[in-house]
Amino acid sequence: MKTHSSMLHVRMDTEMKRKATAALAAMGLTASEAVRLLFHRIVVDQAFPLELKVPNAQTRTAMAESEEMMKRGTARFASADDMFAELEEVGSASA
């Protein structure tokens, strides 16, 4: 039995495509194979193969902060030591 095939065109950021294609190549997959695999899992499982959730308020705040830092080209911490110090502070305060 002969099967028919069709094309799927997807528009995405060029840099994301480049990075994803490189990661897939390291796994021995092409982008087309990865999409076919994704669609196969959707058909077999009748579900999306990743857990998708609506971000909570804390996550949305962190995402907005991150986007703003990327726009400005700045970081939240001056050094990794500063970041770890705050993480330890927050961790000990919640304990």
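User: What does the secondary structure of the protein come to?
Analyst: In this predicted model, the protein has four helices and zero strands. Helices (H or I, at least four residues) and strands (E, at least two) are DSSP runs, numbered from the N terminus. The elements run α-α-α-α from the N terminus on.

User: Is the protein spread out or compact?
Analyst: The protein is more spread out than a compact globule, because its radius of gyration is 20 Å, well over the 12 Å that the globule rule gives for 95 residues. The radius is taken over C-alpha atoms, and the rule is 2.2 Å times the number of residues to the power 0.38. Along the principal axes, the C-alpha atoms fill a box of roughly 65 × 30 × 25 Å.

User: What share of the residues is buried?
Analyst: Buried residues make up 3% of the 95 residues. Buried means under 20% relative accessible area, exposed over 50%, and partly exposed in between (1.4 Å probe, protein chains only).

User: Which conventions apply to these values?
Analyst: Residues are numbered from 1 along each chain as its sequence is written, and side-chain values use heavy atoms, with hydrogens and water left out. As this is a predicted model, local features need pLDDT of at least 70 and side-chain atom pairs count only at pLDDT 80 or more, while totals for chains, interfaces and linings use all residues.

User: Turning to H1, how many residues does it have, and what caps its N-terminal end?
Analyst: Helix H1 (residues 14-26) has 13 residues and reaches 19 Å from its first C-alpha to its last, close to the 18 Å expected at 1.5 Å a residue. The expected span is 1.5 Å times one less than the number of residues. Asp-13 caps the N-terminal end of H1, with a side-chain oxygen 3.0 Å from the backbone nitrogen of Glu-15. Such a polar contact is a pair of N or O atoms within 3.5 Å; within protein, one must be able to donate a hydrogen and the other to accept it, and residues adjacent in sequence count only if both atoms are side-chain atoms.

User: And what follows H1?
Analyst: H1 is followed by Gly-28, whose phi is positive, near 85°.

User: Where is Thr-14, and is it buried or exposed?
Analyst: Thr-14 is in helix H1. Thr-14 is exposed, with a relative accessible area of 66%.

User: What about H3: which residue caps it, and what span should it have?
Analyst: The 16 residues of helix H3 (residues 57-72) should span 22 Å at 1.5 Å a residue, and the end C-alpha atoms are 23 Å apart, which agrees. Asn-56 caps the N-terminal end of H3, where a side-chain oxygen lies 3.1 Å from the backbone nitrogen of Gln-58. Gly-73, with a positive phi near 75°, follows H3.

User: Which phi does Gln-46 have?
Analyst: Gln-46 has a positive phi of about 55° although it is not a glycine. Most residues other than glycine have a negative phi. Gln-46 is found in the loop between helix H2 (31-45) and H3, and Gln-46 is exposed at a relative accessible area of 68%.

User: Last one: where is Asp-82?
Analyst: Asp-82 is in helix H4 (residues 80-93). With 38% relative accessibility, Asp-82 counts as partly exposed.
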